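This report describes the arrangement of strands and helices in one structure.

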Amino acid sequence: MMLEEIEFKKATLEDEEVIYELASNLDYTPSAILNDIEKNVFAHVELAFFKGSPIAILDYWITFDSATIAIIYVEQKYRRNNIASSLMKRMYETLMDEGVKNIALEVRKSNIPAKNLYIKEGFKEINVKSNYYADGEDAIYLVKEMPSTPLILAIESSCDETSISITRNKKILSNVISSQIERHRKFGGVMPELASRLHIENVLYVLDTALKEASVMLEEIDAFAFTRGPGLVGALHVGMEVAKSLAAIYDKPLIPVHHLAGHIYANEYVSELHFPLLACVVSGGNTELIIMKDHLDYEIVGRTVDDAIGECYDKVARVLGLPYPGGVEIDRLAKLGKPTYHLPIPHAFNKYDLSFSGLKTHIINLVNSLNMKGQEINKADLACSFQEVALKELVDKVYQVASDYEVKQILVAGGVSANSRLKEILNAHYKNSNIELFFPPLSLCGDNAAMIARNAYHLYEKKIFASLDIGVDPNWEITDFNKF
């Protein structure tokens, strides 16, 4: 049996038959478990299945900053497969999200295997409860101290979104985004000076909203994170100065975060990262293929040698007369067209590098030429033709890198990860593959502070903090994430 074959799920009342099958002969009865599911707001009940058959159950309660395990049971023939440990690992994630400080349980004195499991998991024997069980047997009371989980406030202001998020582990308490798109749309793109001014206008309102949504006071924050780069220098400065001021006032760590690392770690809200992995970072300002062999370990193996793919989308959209941001409009329009225009295939000399400038220039020249001749342009067909060629250039390199480096996961990150056609192509290719493919939630595809907070969590664990004299770096390389 492989742990990957185990399916875990949150139990509901519809699982009554399964619960009776698993727990009929246990001290904590099936009716008690069903009562927890239906009426106990503090209870969390998890089930484990192997090839459709129920094999394990876990019932635990969270009351404020403490937790109690009511029952953890694995069917006899499935023991010694780390199933109980896997269930408890899932539980620990939830406990960390909730800021739980300790977890307790009782176990029969005669149940030596269970006691050994708990001790292996870090529980310590506190005392013995005499005559605890109905048959008069004593219970051993054990407690495990949970590692403290930092409450992180992160600020993202690299371009045209002012965002502040407050998180604890993988739980997003708030993620407020104030978008400037409408103000920049009439210019056909982001105006750097306007972006900076709007960040200044918005940031305190966003901060106040984030704190209220999270029901948190600034005094409770354990660290303040901000996007140091890459990005627009003026926009970056606004977020940095706010973070530096808060860190100084409350005497808390200051954490600079690389913008692309934030995009990568947005995927960790969906799944654990399994290494080695390939991060395909695609946005308006960046297109990079990054191999990660561990957390915070970045190796850029391929990148665009000219325009980023998102930038190319925006410029093609502009020449077609589509509104900003162009990526969304191209994706929408391409669904209505066919790839009838024969466009040049981009080419970069290095094995894993990418190029989009030639494709963009060809389309601009083509549109101008057709306009000068008074010939009609089928915008839907041209959008479809462009998208198919641009995405083929990208996914072909993804396939090659993923194969050559034998990765376990592919993470797509950045604003272009929201592209529906890109998702369709990659999902079809890796549908029956042993490589896991992940996209961030749609709400976290664009620039947002929750992604910055998630990367900051790992930097906090490594104590990678900055002094208050740090500056922004609009050209910061992800491989230099700890150099400032």
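## The mixed sheet

Five strands make up an open sheet of mixed pairing, ordered β10-β9-β8-β11-β12; strands are DSSP runs of E of at least two residues, and helices runs of H or I of at least four, both numbered from the N terminus. Two strands pair if DSSP finds at least two bridges between them. The edges are formed by β10 (171-179) and β12 (254-258), each of which pairs on one side only. On average, neighbouring strands are turned by 20 degrees against each other, direction ignored.

The model is predicted: local features need pLDDT of at least 70 and side-chain atom pairs pLDDT 80 or more, whereas totals for chains, interfaces and linings use all residues. Residues are numbered from 1 along each chain as its sequence is written, and side-chain values use heavy atoms, leaving out hydrogens and water.

Strands β8 (residues 151-156) and β11 (residues 223-229) run parallel and are joined by four bridges. Ala154 has Ala225 as its bridge partner in β11.

## Helices across the sheet

Helix α6 (residues 192-214) lies across β8, β9 (161-168) and β10, at about 25 degrees to β9. Angles run from 0 to 180 degrees between N-to-C directions, with axes fitted to C-alpha atoms, for helices over the stretch in contact. Helix α7 (residues 233-250) lies across β8, β11 and β12, at about 155 degrees to β11.

## The α11 and α12 pair

The axes of α11 (residues 357-372) and α12 (residues 379-404) come within 11 Å and cross at roughly 165 degrees. The two helices are therefore roughly antiparallel (over 145 degrees). Contact (heavy atoms within 4.5 Å) involves Leu359, Ile363, Leu366 and Val367 of α11 and Leu382, Phe386, Val389 and Ala390 of α12.

Terms used: Parallel < 35°, antiparallel > 145°, perpendicular 65-115°, else oblique.
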